[in-house]
Amino acid sequence: MVAFSDGVIAIAITLLVLEIRPPHDTRHLLQGLASLWPSYLAYVLTFMLIGQVWANHHIMFDHIRTADRVVLFLNTVLLMDVAFLPFAASVLAESFRDGHGQRIAVVLHGAAFELLAILFNVIWGYARRDRRLLTAAIGAAGVAAITGRFRLALVWLAAGTLLGALLPVLGVAVIAAFILYYWLPIAGEITEVRRRRHRGRRP
């Protein structure tokens, strides 16, 4: 399941570059390349966000021992949303390029990632219920750390989406700040890894 998910994520993240179309007028190539800044913005923003989806997907499923049909279904819905992201990025770039519809474009882009955050929380909440699907390696601190990080994503992305409906540039800035913060390691998980390594050194 994780290998299949990696494949879908890899395809989605690769399709993003197809939005960046070379300028037709090569006589003014530098100006033409500069005018593509909305495509660069949508590409970088969405690429890094999908990268976080991939990283957090691995973090989550590293601690899920087995996947039942509910987890498989929810993960399929999550991947369906991932496959939609290149379209959302294309709409975002086109709106900033034309100067119209930026609010709707930012809301669409943010809502797609907000849905991903919801699905991450639902899958993790279902898996950690009674710990029946989790591995024995992760303790309470690790579970709490991952849970807290996933819940914060709900609020952060929702805030960026709502602010984007009022002021598109501000919404994009809030989501960009989300990228910077969420590449930081999860403290509770690091603690769990160190604890397991320490136990492994004992005779």
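**Figure 1. Overview of the predicted model.** The protein chain has 8 helices and 0 strands. Helices (H or I, at least four residues) and strands (E, at least two) are DSSP runs, numbered from the N terminus. This is a predicted model, in which local features need pLDDT of at least 70 and side-chain atom pairs count only at pLDDT 80 or more, while totals for chains, interfaces and linings use all residues. Residues are numbered from 1 along each chain as its sequence is written, and side-chain values use heavy atoms, with hydrogens and water left out. From the N terminus on, the elements run α-α-α-α-α-α-α-α. The C-alpha atoms fill a box of roughly 70 × 35 × 30 Å, taken along the principal axes. Of the 203 residues in the chain, 43% are buried. Buried means under 20% relative accessible area, exposed over 50%, and partly exposed in between (1.4 Å probe, protein chains only). Contact means heavy atoms within 4.5 Å. Among contacts with a separation of 6 or more, 76% are between residues 24 or more positions apart.

**Figure 2. The largest nonpolar core.** A nonpolar core is a set of buried Ala, Val, Leu, Ile, Met, Phe, Trp, Tyr and Cys residues joined through side-chain atoms within 4.5 Å. The largest one here has 49 residues. Those with the most contacts inside it are Met60, Ile64, Leu78, Phe113, Ile123 and Trp124. Helix 1, helix 3, helix 4 (69-98), helix 5, helix 6 and helix 7 each supply at least two residues of this core. Helix 5 gives the largest share, 12 residues. Take Phe113 as a close-up. Leaving aside neighbours within four places in sequence, Phe113 is in contact with Thr46, Leu49, Ile50, Val53, Leu85 and Leu157.

Figure 3. A search of the whole structure finds 10 aromatic pairs. Rings of Phe, Tyr and Trp (its six-membered ring) pair if their centres lie within 6.5 Å; planes under 30 degrees apart count as stacked, over 60 as edge-to-face and the rest as tilted. The rings of Trp124 and Phe150 have centres 6.4 Å apart and planes at 80 degrees, so this pair is edge-to-face. The pair links distant parts of the chain. Trp124 is in helix 5 (residues 102-128) and Phe150 is in helix 6 (residues 140-166), 26 residues apart. Trp124 is buried, with a relative accessible area of 1%. Phe150 is buried too, at 4%.

Figure 4. The rings of Phe178 and Tyr182 have centres 4.2 Å apart and planes at 25 degrees, so they are stacked. The two residues are 4 apart in helix 7 (residues 168-182), which separates them by about one helical turn. An α-helix has 3.6 residues a turn, so residues three or four places apart point the same way. Phe178 is buried at 5% relative accessible area. Tyr182 also counts as buried, at 5%. Ring pairs link Trp156, Phe178, Tyr181 and Tyr182 into a cluster. Arg149 lies over the face of Tyr182, at 5.0 Å from the ring centre. A charge sits over a ring if NZ of Lys or CZ of Arg is within 6 Å of the ring centre and within 35 degrees of the ring normal.

**Figure 5. Helix 6 from end to end.** The expected span of a helix is 1.5 Å times one less than its number of residues. The 27 residues of helix 6 should span 39 Å, and the end C-alpha atoms are 40 Å apart, which agrees. Its buried residues include Gly142, Ala145, Arg149, Phe150, Leu157, Gly160 and Gly164.

**Figure 6. Ser5 and its partners.** Ser5 lies in helix 1 (residues 2-15). Ser5 is buried, with a relative accessible area of 0%. The Ser5 side chain makes a polar contact with the side chain of Asn75 (3.0 Å). A polar contact is a pair of N or O atoms within 3.5 Å; within protein, one must be able to donate a hydrogen and the other to accept it, and residues adjacent in sequence count only if both atoms are side-chain atoms. Not counting residues up to four places away in sequence, Ser5 touches His57, Asn75 and Leu79.

**Figure 7. Gly171 in helix 7.** Gly171 has its place in helix 7. At 0% relative accessibility, Gly171 counts as buried. Leaving aside neighbours within four places in sequence, Gly171 is in contact with Gly160, Leu163 and Gly164.
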